[in-house]
Amino acid sequence: MNNRMIVYMIGRMLGVEGLLLLVPALVSFLYGEQSGIAFLLTAAILLIIFLLAGRKKPERYEYLWKRRACTGRDCLDFVVTVRCTAVFYLRFDSRLSGCLFWRQSPDFTTTGSTILTDIEALPAGNVVLESADTLDRRNGSFGIVMVLLNLDDDGSMYLMRAEVPGPEADKLVPKARSTARILYLMYLILTMAEVIFLLFGGMNLYDALIHSFSTAGTGGFSNRNASVSYYDSAYIDGVITVFMILFGINFNIYFAIYIKNWKSALKNEEARTYLGVIAAAILMITVNIYHIYGNVASAFRYSSFQVAAVITTTGFYTADFNLWPEFSKTILLVTMIIGACAGSTGGGMKVSRILILCKSVKQEIKRILHPKAVTVVTVNGQKVGRETLHGVYVYSICYALILVSSVLIVSIDNYDFATSVSAVLTTLNNVGPGISQVGPVENFFEFSWLSKLVFCADMLLGRLEIFPCLVLLAPELWKRKF
């Protein structure tokens, strides 16, 4: 294994992390908060590591092969997690398992689950750190790495595949670095547009930035204990609902619209399925909760926001859906598993995988009925390759095994079945709130340290899409040099 290259990658990225920590440090000092010292101390350590490991490019730096990309990405994520945990530990002096859970959840994996009972008590510097890290983590750390490291495009695609969620990772343009720049420009335009719309709704600039960053990163972090329901505004609910859905769409579609390839954008099966699932879920829940709110407008408002927040794995809330009928809660759990589109900022299994699995079932039924017929799985009119199909099948099996194993371990805490299952589902899919005792107005504080570690592992597995984490467990990775 090319250890020098991996150390160089980590050193460069930690230098960026150290510089980014200066922003919340500055905010802390402007607000007269002592937490600025923790930020400065951690930033100093990271910058020292950068000076030692990230300045000199290794001599053998020609390609970033697949196994090195996964390993480097995993090591980077681990070190950044340590950075996040260190900041929280230095500031709050809490239990290590709680610190790790908190740092994994809102910003690093953009899950949004919490162990804190009073978010509004957080110092301003910490709030800025959460929202900025949420945007950074979900909006493609691969982009920063590729731009800063100037990787060759062959090698950078392996890193891109290790980072981008979904069964496949495609370049928008021939060069991967140009793809990263285009993606960041799209994120920036959509994020700034949301900020402007929220300002028109009466939200102050600070809150607008916090909620826009969290929406863009589908992290669901809010600086209000009551999340978005604090504002009690149908306009703000509507704006955030629309942008959550927009950030859950594959960004290849936005690029197709940009180059005026309307046919490709409009006929994209994944996007149509994604929007169809959202529309169906909203319709069913609206009908189901109509008797609670007494009018169609209110039922539609709250159902649409909750569906968008769950399927995009953002995790905001405007209503305690724990009080809704079981049918509505079940629909939300299903959308939680489905997740957003591949190549978006959302989590979950991804609509593309669900689409491929459904088409595979249909293909198998046809094969049984017509043994001599030649059947293939197609998406957007193109044949899905055997390698992609195999990857989807194996991913689904691993997902199910991790889900069952995690529920078994968490059940040791003796919570009810709905709590245990939804707690695992919401962390594995990077959503945030679950149902029952981990509902939108509850938190994960009462779980044991063992369950919190399981949740941390699930959040990481869901964030990195399982395989990059499993690669680290392969003995061959550590024995062979490549």
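In the predicted model, the side chains of Asp207 and Arg224 meet in a salt bridge with an N to O distance of 2.9 Å (a side-chain nitrogen of Lys or Arg within 4 Å of a carboxyl oxygen of Asp or Glu). Asp207 belongs to helix α10 (residues 205–216) and Arg224 to the loop between α10 and α11, so the pair ties together parts 17 residues apart in sequence. Six salt bridges are found in the whole structure. Helices are DSSP runs of H or I with at least four residues, numbered from the N terminus.

The axes of α11 (residues 234–247) and α15 (residues 296–311) come within 9 Å and cross at roughly 35°, axes being lines fitted to C-alpha atoms over the stretch in contact, with angles from 0 to 180 degrees between N-to-C directions. The crossing is left-handed (near helix turned anticlockwise from the far one by less than a right angle). Contacts (heavy atoms within 4.5 Å) join Ala234, Asp237, Ile240, Thr241, Met244 and Ile245 of α11 to Arg301, Ser304, Phe305, Ala308 and Ala309 of α15.

Val404, Leu408, Ile409, Ile412, Trp449, Leu450 and Leu453 make a nonpolar surface patch of about 690 Å² (residues with over 30% relative accessible area and no salt bridge, nonpolar side chains, namely Val, Leu, Ile, Met, Phe, Trp and Tyr, being joined within 5 Å; areas by the Shrake-Rupley method with a 1.4 Å probe, only the protein chains shown counting as cover for residues). Helices α18 (386–410) and α20 (449–464) each supply at least two of the patch residues.

Residues are numbered from 1 along each chain as its sequence is written, and side-chain values use heavy atoms, without hydrogens and water. Local features need pLDDT of at least 70 and side-chain atom pairs count only at pLDDT 80 or more, whereas totals for chains, interfaces and linings use all residues.

Definitions and conventions: Patches are made of residues with over 30% relative accessible area and no salt bridge: like charges are joined within 9 Å, nonpolar side chains (Val, Leu, Ile, Met, Phe, Trp, Tyr) within 5 Å.
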